[in-house]
Amino acid sequence: MTSYRELGLVNTVDLFRKAVAGGYALPAYNFNNMEQLQAIIQACVETRSPVILQVSAGARKYANANLLRHMARGAVEYAKELGCAIPIVLHLDHGDSYELCVDCIGSGFSSVMIDGSHLPYEENAALTRKVCEYAHSRPDYVSVEGELGVLAGVEDDVSAEHSHYTQPGEVEDFVKKTGVDSLAISIGTSHGRAKFRPDQCTRDANGVLIPPPLRFDILEEVEKRIPGFPIVLHGSSSVPPEYIAMIETYGGRLEDSVGIPEEQLRKAAASAVCKINIDSDGRLAMTAMIRKVFADKPDEFDPRKYLGPARDELKKLYMHKNREVLGSAGKA
């Protein structure tokens, strides 16, 4: 068994406390490979931002659990090499079983999410409590995220056809019953790069889809019921139109793509939302640059020559998110 402290990682408890008090959100960036990890660490060191490295169950299988542990240790050392020992969390995104959470904790994760949101309320609470009891009893306290409400969309192993908004009347009881350190809620965000159907949106003069606003009334009611408690937003990519346009210019097809406007995420980050998950934006940035390189240089076959520009574009995106959207720059 490996403790996350052996890897130089931290849990989320103090980071969330500071974020709630400071009116910003920690970036929670998903990664699957070395280039994504490099971009995340470079961006967060240069902006002096703490960061949550998120790994889904599918990404963990893809990377290999043993290699992933060493990548996390490498990320910590890389940040130091770049000049700033920023706080780094390794977090399981959408863990779907007690066994998976236990296994991740044993391999060095400092934070886990147990997602029982698809279960009946009492079953969700019981499963979440079981994970918390195990994680919190470790010699090095592992933080736990739970979820109430269901986000629509598809991303990795997570799939739901319909969303169900979080019921504010349940949150206080859920937090007390389970002992969770943070709570993911559903207020209108969604997984994937097409977060809303066209019929749920309006169109501007240029025909661009404009999504419905987030349910800040639900967020405000949750804040009233559990004041100061760390809240998490999943499915919070903004799906930048410039990346969609670039992908389609160079042969891709991503019809009806629409994300969460950045100004709404900034508003959420200024409240009790202290963790905002971003995955699809990173995928789009990398894919756009890779397609561009292949179109501009059809004879290119060196992976460094197309993954390198993709990594650089991803770094630029994440620096923008930290500075302009999440407010986490300078908080390390």
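The questions and answers below concern a predicted model of one chain.

Student: What radius of gyration does the chain have?
Tutor: The C-alpha trace spans about 55 × 45 × 35 Å along its principal axes. A compact globule of 332 residues would have a radius of gyration near 20 Å, and the chain agrees with that, at 19 Å.

Student: What share of the residues of the chain count as buried?
Tutor: The secondary structure comes to 12 helices and 12 strands. Among contacts with a separation of 6 or more, 76% join residues 24 or more positions apart. Of the 332 residues, the share that counts as buried is 57%.

Student: Which elements do the buried residues of H5 pack against?
Tutor: Helix H5 covers residues 98-106. Its buried residues are Leu100, Cys101, Cys104, Ile105 and Gly106. An α-helix has 3.6 residues a turn, so residues three or four places apart point the same way. The buried residues of H5 pack against helix H3 (57-63), strand S3 (88-95), strand S4 (111-114) and helix H6 (121-136).

Student: Which residue with a positive phi follows H5?
Tutor: Most residues other than glycine have a negative phi. The residue after H5 is a glycine, with phi near 110°. That residue is Gly108.

Student: Is Arg48 buried, partly exposed or exposed?
Tutor: Arg48 has a positive phi of about 55° although it is not a glycine. Arg48 sits in the loop between helix H2 (34-46) and strand S2 (51-56). Buried means under 20% relative accessible area, and exposed means over 50%. At 37% relative accessibility, Arg48 therefore counts as partly exposed.

Student: Is Val239 buried or exposed?
Tutor: Phi of Val239 is also positive, near 50°. Val239 lies in the loop between strand S11 (231-233) and H9. Its relative accessibility is 4%, so Val239 counts as buried.

Student: Which element gives the most to the lining of the largest pocket?
Tutor: The largest pocket has a volume of about 490 Å³. Of its 27 lining residues, the closest to the centre are Ser238, Val239, Pro240, Pro241 and Ser257. Strand S10 (209-210), helix H9 (241-249) and helix H12 (303-326) each supply at least two lining residues. With 6 residues, the element that gives the most is H9.

Student: How many residues of the lining of the largest pocket are charged?
Tutor: The lining divides into nonpolar, polar and charged residues.

Terms used:
Residues numbered from 1 in each chain as written. Predicted model: local features only at pLDDT ≥ 70, side-chain atom pairs only at ≥ 80, totals over all residues. Heavy atoms only, no water. 1 Å grid on protein atoms, 1.4 Å probe; cavity = no way out; pocket = protein on both sides within 12 Å on 5 of 7 lines; lining within 4 Å. Points joined across faces, edges and corners; volume = space filled by probe spheres on them. Helix = DSSP H or I, 4+ residues; strand = E, 2+ residues; numbered from the N terminus. Nonpolar A, V, L, I, M, F, W, Y, C, P; charged D, E, K, R; others polar. Rg over C-alpha atoms; globule rule 2.2 N^0.38 Å. Buried < 20%, exposed > 50% of the residue type's maximum accessible area, 1.4 Å probe, protein only. Contact = heavy atoms within 4.5 Å.
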